[in-house]
Amino acid sequence: MEMLQYSLRKLLAGIPLILGVTLVSFLLMVYFGPDQTYTLLGKNPTPEQIAEVRAQLGYDQPFVTRYAGYLRELATLDFGSSHSTGEPVSALLGRTAPVSLALVAPGFVLGNVLAILLALLAAHHRSRWPDKAIMGLAVVGMSISFLIVIVAFQIVFSSASGLNMFPVRGWGASSLREYLHFVTVPTLAIVFVSLGYNTRFYRSVIVEEMTRDHVRTARAFGTPPARLMLRNVLANCLIPIVTRIVFSIPLIAISGSLIVESYFGIPGIGKATYDAIMVGDQPVLKAVVGLTAVLFVLAQLFVDILYRAVDPRVSLQ
Amino acid sequence: MQFAARVSLGFTAFLAAVLLAGCGESRTPAGDASAGRKVYRHSMDEAPSSLDPVQAANVYANHVAINVYDTLYSYKYLARPYELKPNLADGWPEISEDLLTYTIRIKPGVHFIDDPAFEGGVGRELTAEDVVYSIKRHFDPATLPQGAWLWQGRVAGLQEWKAAGSDYDQPASGLVALDRYTLRIQLAKPYPQLLDSLAQGYAAVVPREAVERYGAQFAMRPVGSGPFRLVSFDTSRILLERNPKFRQEPVDLEAEGYDPATQGGYGLERIAGRSPPFVDLLEMDFINEPSARWNSFTKGDEVQYTTVPNEQLDRVLASRSPVRLKPEYEERYHSFAAIEAGFIFQVFNLNFPEFGYHPDPGQERRNKALRCAIIKAFDWEARNESFYGGIGEVYPGIIVPVVPEFDPDTPRDSITRDVEGARRLLAEHGWNAQNLPVLTYGTTGSVVMRLMFEQFRAWLKEIGYPTSKVVLRQYATFGDISRAWKQSELPWIAKGWGLDYPDAENTLQLFYGPNGSPGSNDANYRNPEYDRLYEQASVMLASPERTGIYRRMNRMLIDDCVAVTGLSRKRIHLWHRDVIALPDREIVGGFFLKYVDVLDKPAAGGR
């Protein structure tokens, strides 16, 4: 009951956030975003034809009417159809979001799990060579552009002049084998790039935890290193780790990864969003922005509940 | 430490297992659909945003539109310069003596693909009424059409039909199906390019049932009578399969314009006498990133066609003029280099009194001198070397080399850099660093565009134009800069133009006065003599007299210093040796795809 009340309170508190995000983003879309009128016009248009296209796109409506329509769409989760392709936005999201999720999830999981392991290792050997080596590599990973990593990995793993083991591009997930065939190189690229950032962050959190009295006491009692690092250190620094992980999920689910999708020819939501931005396809943009805001509110709620799970001292009041 | 090491080892083993499981034999995204079937994988640098013919506004959309739908006419596969041929039309039209009435017969027995939109799910026969319906859609604002400009003011009655509410059950006087297989088009004035307009993707024939059943989703669900039908489509690729109901029309190579002397090494003889399409699956991958496209092409088992990206020219070419591949590429790929059917150019917007028309005739003369000086400062050779691999073709004026009206003997002074002449011209007309106007250079926000601007600014600096007076205005998207052009917000417009049909009229109309902003005359050039000649030529059939008029108009533009022009890019097409084709993406684009065949084994030797 306490949990339900808490959840409802948090959800209600999220409404102003959603309204704020949608209002600001809609303002930007309407007044500063791309105007799709000029993408949809034929050659030698007359002023009347320009007006016709604007009317078809609904650009001739007052801002308030358009914003109210947006909120109604968000509440009913019916965002209409893409102005570019005519595809219902819900179908587009249903088609592309799972692809992005399947694309990014392995890299996301591996990137975080490996980073935690490396961070534990580095923190355990703080200021000694394993720590310096891991942190040095982390900085290297952080310093190389994602774009260069992708191109290099394509050449190394996929091209005729490299190992030629995987496809340069494409997507398929009709079987596990096919899925692994297409997802491996993108995953390696995602892990390579995210590992540096994650490892540095987790190491700093773990190192801070290791300075606590309870860790020193446990060590003095002769707790084995592995047990010490897992039960006394990692378990007690889960709150910042959980926060970082959970707040990344909405971005993965909705925004996808534009660069990866673009370079590997993967029909995910990142590419769809980018295309919508470039042509000003407002139904798609409204859906992506609105749903991202909603997911962030839900992620916040989820994080708060998880806090309680990982640290019983946290109150839901 | 031991624990972490064990876990790390476990992960390493897992990753190794994944790598081993994932690698191995090649898999196409076509997946099971490709098993045992003949597949051709094409690549393009952009994806079409819509598959509805009323929005087939670019070469990417046309590649799909003309392959899933039929057009009355099309361009011959191999003839260059481009030549029309009847496609869905049963021969050439009967044309009245006054050139105002066209009667076109349609081939009987052509069927749309099977689709739930039809009664019983079986595709019905395509009739003249479908052609009428398809063209009418361009005059229905609800479809967001982009092709009305082809017939607006030319085909009688369409504007009136639109004004009356675009009711498809009402007739349009100039567009009538006389019977099931006969179409009559009544023109308001002679329109020599009418048949070209009927070869465009815009003119592709759609069935009314499907449009009404699928509504907005028709843009993603084509139902046509073309050589292929849709299997799947997303922003990364489109997969088409052979339309089993496509009519049997054996290839007559000679009629298609085959030239053994220049096209003899591609194996095209193998398709003679056979009915296209020759592949079971046609996959088009949309790859915007040149490095990814190149890696996919050279990999061997992915895309089978690419154009050579500029950054690969040094690696691939043994010689740029003439274009010749290095032996290792010659051995592995077919190649073909061709000038694009379009051009790159810049215009001054003459609506700006600082550069163009001015109430004071004296100032207007000074403005013209300023424009001429800027044209003299422009270094086309450097532009070609820097951004087009040095293989583009630079020529004066706006009549591009691929059209028959092109005159290779046009004096080249307007494309020859003359810094001293430019400085002298400025000085003679009283221009100096203090009174030169600010020149706003609008571009989209890409690095290449920025570099082009910097190069241009450096050239102007050499003739005494202060750097601070040549300013950049960047736009986030093409739609944004299009709006600026249409609203006449920029004094200097740099853009490219792809020909819709192989007739110089298509570029000359870019400077026709009534086409001023928001029309395609971005320069807002208004010259009564030019307009008179345009109107005179626009109703004439191709003839030496018309060519003479075109060339006079071209000379006027050069003399009036309206535009810095022009350059046509050269594209080097590469395709795998097991592919029988002569690829081409110019003039509508994609007509060649139905003729592509794929050998079971790579052919040895050849071009």
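What share of the contacts in chain B with a separation of 6 or more joins residues 24 or more positions apart? I looked this up first. The share is 69%. Two residues count as in contact if their C-beta atoms, placed from the backbone, lie within 7 Å.

**Ground rules.** I am reading a predicted model, in which local features need pLDDT of at least 70, side-chain atom pairs count only at pLDDT 80 or more, and totals for chains, interfaces and linings use all residues. Residues are numbered from 1 along each chain as its sequence is written, while chains are lettered from A and ligands numbered from 1 in the order in which they are written.

**Confidence.** I checked chain A. Its average pLDDT (the predictor's confidence in each residue, from 0 to 100) is 88, and 97% of its residues score at least 70. Helix H11 (residues 238–255) of chain A has the lowest mean in that chain, 79. Helix H4 (residues 63–76) of chain A has the highest, 93.

**Chain B overall.** I found 18 helices and 23 strands in chain B. These are DSSP runs numbered from the N terminus: helices are H or I with at least four residues, strands are E with at least two. Of the 607 residues of chain B, 47% are buried, meaning that 20 or more other C-beta atoms, placed from the backbone, lie within 10 Å of the residue's own. The C-alpha atoms fill a box of roughly 85 × 75 × 55 Å along the principal axes.

**One sheet.** I followed an open sheet of four strands in chain B, in the order S4-S5-S7-S6, with antiparallel pairing. Strand S4 (94–95) and strand S6 (175–179) of chain B each have a single partner strand, so one side of each lacks a neighbour in the sheet. Pairing requires at least two bridges found by DSSP between two strands. S6(B) and strand S7 (residues 182–186) of chain B have four bridges and run antiparallel. Across that pair, Ala177(B) stands opposite Leu183(B). I also noted helix H3 (residues 128–136) of chain B, which lies across S6 and S7 of chain B at about 170° to S6(B). Axes are lines fitted to C-alpha atoms, for helices over the stretch in contact, and angles run from 0 to 180 degrees between N-to-C directions.

**Where the chains meet.** The contact takes 59 residues from chain B and 60 residues from chain A. On the side of chain B that touches chain A, H1(B) gives the largest share, ten residues.

Technical notes:
A residue is buried if 20 or more other C-beta atoms lie within 10 Å of its own, exposed if 12 or fewer, and partly exposed in between; C-beta atoms are placed from the backbone.
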